[in-house]
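The following note comments on the ligand site and on the charged pairs of the model shown below. Please read the numbered points beside the coordinates.

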Amino acid sequence: MLRITNLHVEREGKLILRGVDFHLPAGQVHVVMGPNGAGKSTLASVIAGWPGYGVTQGDIVYEGGSLLDLPPEQRARQGIFLAFQHPVEVPGVACATFLKEAVNAVRQARGEPVLDAAEFLTMAREHMSRLGMSLDLLQRPLNDGFSGGEKKRGEMLQLSLLQPKLAVLDEPDSGLDIDALNALADGINRLRSPTRSLLVVTHYHRLLDLIQPDRVHVLAGGRVVQSGGGELAQRVLAEGYCQVCQENTP
Ligand code: ADP
Ligand code: MG
């Protein structure tokens, strides 16, 4: 599904990723952990094609083809989704409008019929009730004035509506209450399928326990310094990043 090789990324002249390598096979859920400033959000953003990052070396290959020359909207049409660590406020665009456009763009790209307003609302209501979201958020401008938790639930709603093939979730659990955290884990577990992959950036054992990742990568100083199974996450949580990162830093 996703193969990242020797990825070097800079932003405003500063080298942030310095040779990231990993492989995310179809059907798996991988977790990325790492200290603040390690480059986790940079990695997530550059997969989705967020502007402002320069790839200076290496490649990101998705379903056998390089993503580097594709604009973000093309990546999204091909099934890539990014849930932001800090969702962007878009005053003047109602949530319902944004979500319906996004869902229909992806449906069109998949060769599925587009939904009219009534069909979209029926679908959105069903997903929102599963996530415990208030329906009046649909009429409000996207993320504008939303609480931190509402913004994060909004990202989960997009995830569940768009059904991406490759979902990259950047700290989707930060600031969530317990009910929202359970709904998030439930959403991730529902999406698990042999043809879909998830890359989840998180620090917290609660989400790790609930989603049981296939593999955990520790990112530090712009490189993957250790990869392992669930036991690696347990070690990081028990011993801290310092200890785990020192063992393998060149
Ligand atoms: P993480 O998500 O792991 O906390 P980030 O990917 O957000 O880390 O950031 C990695 C590094 O890149 C940090 O040192 C951060 O200060 C730096 N960085 C992020 N955005 C910019 C920017 N616009 N200009 C310069 N440096 C940046
Ligand atoms: Mg981050």
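How many nonpolar, polar and charged residues does the shell around ligand 1 have?

1. By class, the shell has three nonpolar, five polar and four charged residues. Nonpolar here covers Ala, Val, Leu, Ile, Met, Phe, Trp, Tyr, Cys and Pro, charged covers Asp, Glu, Lys and Arg, and the others, Gly among them, are polar.

2. This is a predicted model, in which local features need pLDDT of at least 70 and side-chain atom pairs count only at pLDDT 80 or more, while totals for chains, interfaces and linings use all residues. Residues are numbered from 1 along each chain as its sequence is written, chains are lettered from A and ligands numbered from 1 in the order in which they are written, and side-chain values use heavy atoms, without hydrogens and water.

3. The residues surrounding ligand 1 (a heavy atom within 4 Å) include R11, E12, K14, I16, P35 and N36. Strand 2 (14–24) and helix 1 (40–48) are the elements that give two or more residues to this shell. Helix 1 gives the most, with three residues. Helices (H or I, at least four residues) and strands (E, at least two) are DSSP runs, numbered from the N terminus.

4. Polar contacts (N or O atoms within 3.5 Å) reach oxygen atoms of ligand 1 from several residues. A polar side-chain atom of T42 lies 2.6 Å away from one such oxygen. For a backbone N or O atom of G37 the distance is 2.8 Å, and for a polar backbone atom of G39 it is 3.0 Å.

5. The structure holds nine salt bridges (a side-chain nitrogen of Lys or Arg within 4 Å of a carboxyl oxygen of Asp or Glu). In one of them, D177 pairs with R153, with the closest N and O atoms 3.2 Å apart. D177 lies in the loop between strand 9 (166–170) and helix 6 (178–191), and R153 in helix 5 (residues 148–162), 24 residues apart.

How values were computed
A polar contact is a pair of N or O atoms within 3.5 Å; within protein, one must be able to donate a hydrogen and the other to accept it, and residues adjacent in sequence count only if both atoms are side-chain atoms.
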